[in-house]
Amino acid sequence: MATLNKDIFDLSVENHELVKLAYDAYLANSRSSHAKTLKRGEVRGGGKKPWKQKGTGRARFGSTRNPIWRHGGVAFGRTGEENFTKKISKQAKRQAVCQALSMKNAEKAIFVLDKAVKLTGKTKDAVKVLKDMKLEDKNVLAVCAEKTPEVLRSTNNIANLKLVRAAYLNVFDIMNADAIVFSEAGLKATEARLIGEEK
């Protein structure tokens, strides 16, 4: 059985501020800006003055595309060019991942596959592994070193399992998983990424 590195899986997490920052940054950086509204100058029509300036008793208006009119333009609306990204340093991101993994390890939600486990490309093999680990009814995050064709074919059709490479392991996926399953190669790649880069 593989031994978990204490610098990654056994940290004392006094508060969750860094984890929350990384979680929010992941969501913000995944957000796209498609919404767009029309300003008064972009709405069709409105070239003719609705009524004369004086003598009607009504308020003066120069265009029906005024933002306070129905079907008028939108004041301070979305432009479609909004930038929602949040920057977080690599060191902070790695530390947040380590803290998240430590929190999951404290919940006894970290598992490492035995070397004897081999996926042949059949979904039933992966399902059997989850059943043997009593994880078939849980949201599982599987961490591997590389997404080989055999691993992809074995896991693609399992609804409650998400496969991720160690290089892309993030706080969002970790915190949303009920259990995290590492392959031995995936565990080594995770340690190399989180510990090796700091040296």
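Is Ser 33 buried or exposed? I looked this up and found that Ser 33 counts as buried, because its relative accessibility is 18% and buried means under 20% relative accessible area, exposed over 50% and partly exposed in between (1.4 Å probe, protein chains only).

**Entry 1. Basis.** I note that this is a predicted model, in which local features need pLDDT of at least 70 and side-chain atom pairs count only at pLDDT 80 or more, while totals for chains, interfaces and linings use all residues. Residues are numbered from 1 along each chain as its sequence is written, and side-chain values use heavy atoms, with hydrogens and water left out.

**Entry 2. Ser 33.** I located Ser 33 in the loop between H2 and H3; helices (H or I, at least four residues) and strands (E, at least two) are DSSP runs, numbered from the N terminus. I then looked up its side chain, which makes a polar contact with the side chain of Glu 82 at 3.0 Å. A polar contact is a pair of N or O atoms within 3.5 Å; within protein, one must be able to donate a hydrogen and the other to accept it, and residues adjacent in sequence count only if both atoms are side-chain atoms.

Entry 3. Phe 76 lies in the loop between H2 and H3, and I record it as exposed, with a relative accessible area of 87%. Lys 108 is found in the loop between H3 and strand E1 (110-112) and is exposed, with a relative accessible area of 72%.

**Entry 4. Strands.** I found that strand E2 (residues 140-144) and strand E3 (residues 161-165) pair in the parallel sense over five bridges; two strands pair if DSSP finds at least two bridges between them. Within this pairing, Ala 142 of the chain stands opposite Leu 163 in E3. With helix H5 (residues 149-155), E2 and E3 make a right-handed β-α-β unit. A crossover is right-handed if, with the strands pointing away from the viewer, the path from the first strand over the helix to the second runs clockwise.

**Entry 5. Largest pocket.** I read a volume of about 550 Å³ for the largest pocket. Of the 27 residues that line it, Leu 113, Val 117, Leu 119, Val 151 and Ser 183 are the closest to its centre. A pocket is, on a 1 Å grid over the protein atoms alone, an open set of points where a 1.4 Å probe fits, with protein on both sides within 12 Å along at least five of seven lines; lining residues have an atom within 4 Å of a point. The largest share of this lining, four residues, comes from E2. The lining divides into 18 nonpolar, three polar and six charged residues.

**Entry 6. Second largest pocket.** I read a volume of about 240 Å³ here. Of its 13 lining residues, Tyr 26, Lys 93, Leu 169, Asn 170 and Arg 193 lie nearest the centre. Helix H2 (17-29) and helix H3 (90-106) are the elements that give two or more residues to this lining, and the largest share, four residues, comes from H2.

**Entry 7. Ala 189.** I placed Ala 189 in helix H7 and record it as partly exposed, with a relative accessible area of 26%. Its C-alpha atom and that of Gly 80, 109 residues apart along the chain, are separated by 39 Å.

Technical notes: Points joined across faces, edges and corners; volume = space filled by probe spheres on them. Nonpolar A, V, L, I, M, F, W, Y, C, P; charged D, E, K, R; others polar.
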